[in-house]
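Biologist: I would like to go through the ring pairs and a few other features here. Please give me the cut-off behind each term.

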Amino acid sequence: MSTELWLLGGALVGSFVLYALFGGADFGGGVWDLLASGPRKAEQRALIARALGPVWEVNHVWLIIGVVILFGVFPRAFAVLSVALHVPLTLLLLGIIFRGTAFTFRTYDARGDRVQRRWGLVFSVASVLAPVLLGMCVGAVVSGDIHVRGLKVESGFISAWLSPFALAVGVLALCLFAFLAAVYLTAETSEPALQEDFRRRALGAGVAVFLAALGVLVLARGGAPRVWSGLTGSPFALALHGATAVAAVLAFGLLLTRHFWPARVAAAAQVGLIVAGWAASQYPYLVVPDVTLQGAAANVATQRALLVALAVGGALIFPSLVFLLRVFQSPRPPFSTPGASGSASRPVQ
Amino acid sequence: MDLLYARAQMGLSLAFHIIFAAAGIALPLLMVLSDVKARRTGDADYVQLSKKLAKGTAILFAVGAVSGTVLSFELGLLWPEFMGTYGEVIGLPFALEGTAFFTEAVFLGIYLYGRERIPAGLHLFSGVMVALSGAASAFFVTLVNAFMNHPAGFTPTPGGPVNVDPVAAMFSPGWAYQVLHTLLACYQASAFAMAGIHAFVLLRHPGAAFHRKALSVALPLACVSALLQPFAGDLEAEHIAHAQPVKLAAAEGLFETQRGAPLSVGGLPDVETRTTPYALEIPKGLSMLAFRDPDAEVKGLNDFPRDEWPPVLKVHLAFQVMVGTGGLMALLSVVTLFLRWRHKAWPEGRRVLWGWLLCGPLGVVAMEAGWLVTEWGRQPWIIRGVMRTADAVTPVANLGVPFWTFTLVYLFLGAMVVFLLVRQVSGTLPGRAPPSEVAHVH
């Protein structure tokens, strides 16, 4: 494979990793909004809204970057996936629409009344459904059930993504995002009781991740034979999975000992490594087993132009993104207590 | 049937998205302008105005962002053959658009939530960045449409495009006219809508200070864009006359090729009889406008194969609506600027306010009509002369289901946005300012 393709394939995986981290934590926030409970129900929801508010739109642009790389650099794969996964992708889009608009309507609407609470429900239900669908699409792609000749999809529009294996990947994605969000939120507040709430949730979600991953692994043997051999065969993949396991154990240990900031880093590493591991296990296929990176690639002139565009874009985006995160990771200034600074940052009931 | 549903769904998604995209481009500019005025005058109303505009931007940008995400998927979900074959030719402007959109989202986050957290200068800078990246993303995405109208930068073969030059494809002939026309339309539509809203309030509450100032921020942008737009549109039409003669013929309802062709105003083209009755004809007007020569030959629809005609009636009506509303807006702008010059202040007479109230929605109407002209006018091609829309559509069946689902969702969201914006504006009516906002004015 050419250097350009390696770089662009890397950029594609990179955008998916970042989407899993930022968009994933965002979806997970919606899950915990839905499951908010106990004496600090309102405070939990307020913390989620406060943590997501400034960044949620940015978090989802990674998906667009991934899609743009896919159709600019690997147009044939984009076409094939759009046909084979038409139904779940359409449902995912509906989830994205309702999640995004509901969050905004809830946040920017001037009054905390019944309408706002209903938007909160829409937001959190969509946050649960979207990751499951996303995971099902990934499951279908790795399963090898999508059969393609040229640009024609020969395996129909349903069977690939409705398999038990694809469903299991969907559940894993949901658990993973919920875990990520809970760990993230422990370090977003300095209030010990709230930290404990999300620490308990993180530990529970961590166990769920483990069980779901086990389920995926068991089903992969029959449901995704190539991934199974990729998971267990190549030494490179084995090293990646080993690192993932280390990160997972580390995240769990750090949570148990209440080291919230390091736990957050370990959880992020775990999720990033899982996505990278997924990519490595299906290399060199974009859609197992009929579409390869090489086979779906655009011409070299386009590849180079897109590399330049991505480099320029990266040089613009990353510094401003770091700035955005720094502004909102800094402690709140005293004159801007919640509720006094207009409804933009007012906690949502 | 499925082709019609696919086209309808894409059309609906775009028609919906365009409104929010335009607002995402123009409202940040208006927000920055009022922010600058607030700084210069120390006036609390301008502070509140920039905050209201920031909230409006946030609501509209979010809906624009999700509907834009939907569109990026729908390109593949509905037109996989198009994207699978030509995605590599037009990937570059899409990638740059993604980048611009990203910067817009980042700086909007900083602007919205950073007011108390970052120095004032930096805060204003982030607002400027939001406005700039909004304009940049419209710029890049319009380049894709210009390519579809006038493909360049590759050699088509039965096996797909070869000799691809992504930069030449990105700047296909005529890009400059279309980009200028589109960007102006975004500013014009948003500024007219804003002026209409505040004119409405001023008619009911004459002299309300906040709304007078809001109107004074919207009017300059509205007038300037409305006056520049006819010139931009004329440049675009001249390009279309050369590059897409069949689109021009359909827009004008011109069937017979003729020298010294008249400009038809109104009329209902009939493809059966190949005539356009009920039209008011301005002699030699079309030849003059399209080729700058009263005796130039203008090609009529009869010169093109019947199966390459766009839907003539629809294109003609959309074109008439665009030109008509554009003319009305330009006229109102001339009157307004004249009164501004006479009285040294933005006019507040009831008649002018009624004019702005009635013309408030016209910018959006003109923008949608203009977009329909370019899209219907390109049919039956998805890439003119290269790929037919019918050959690009997905093989997935039952496209009526997603079409009706998205229709309902968009109707609902549209109603919701209007409801929320009305609540935002009603919070500024005299004597009804919410306490949190009052307490917050520095």
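Modeller: Over all chains, the structure holds 24 aromatic pairs. Rings of Phe, Tyr and Trp (its six-membered ring) pair if their centres lie within 6.5 Å; planes under 30 degrees apart count as stacked, over 60 as edge-to-face and the rest as tilted.

Biologist: Why is the pair of Phe16(A) and Trp278(A) called stacked?

Modeller: The ring centres of Phe16(A) and Trp278(A) are 6.0 Å apart and their planes are at 15 degrees, so the pair is stacked. Phe16(A) belongs to helix 1 of chain A and Trp278(A) to helix 11 (residues 260–282) of chain A, so the pair ties together parts that are 262 residues apart in sequence. Helices (H or I, at least four residues) and strands (E, at least two) are DSSP runs, numbered from the N terminus.

Biologist: What makes Phe16(A) partly exposed?

Modeller: Its relative accessible area is 25%. Buried means under 20% relative accessible area, exposed over 50%, and partly exposed in between (1.4 Å probe, protein chains only). Phe16(A) therefore counts as partly exposed, and Trp278(A), with a relative accessible area of 25%, is also partly exposed.

Modeller: In chain B, Phe255(B) and Trp309(B) form a tilted pair, with 5.9 Å centre to centre and 55 degrees between the planes. Both Phe255(B) and Trp309(B) are buried.

Biologist: What kind of model is this, and how are residues and chains labelled?

Modeller: This is a predicted model, in which local features need pLDDT of at least 70 and side-chain atom pairs count only at pLDDT 80 or more, while totals for chains, interfaces and linings use all residues. Residues are numbered from 1 along each chain as its sequence is written, chains are lettered from A and ligands numbered from 1 in the order in which they are written, and side-chain values use heavy atoms, with hydrogens and water left out.

Biologist: How do you know that Arg264(A) lies over the face of Trp261(A)?

Modeller: Arg264(A) is at 4.4 Å from the ring centre of Trp261(A). A charge sits over a ring if NZ of Lys or CZ of Arg is within 6 Å of the ring centre and within 35 degrees of the ring normal. The charged end of Arg201(A) likewise sits over the ring of Phe198(A), 5.7 Å from its centre.

Biologist: Why does Asp33(A) count as buried?

Modeller: Asp33(A) has 2% relative accessibility, so it counts as buried. Asp33(A) is found in helix 1 of chain A. Leaving out residues up to four places away in sequence, Asp33(A) touches residues including Arg45(A) and Arg106(A), where contact means heavy atoms within 4.5 Å.
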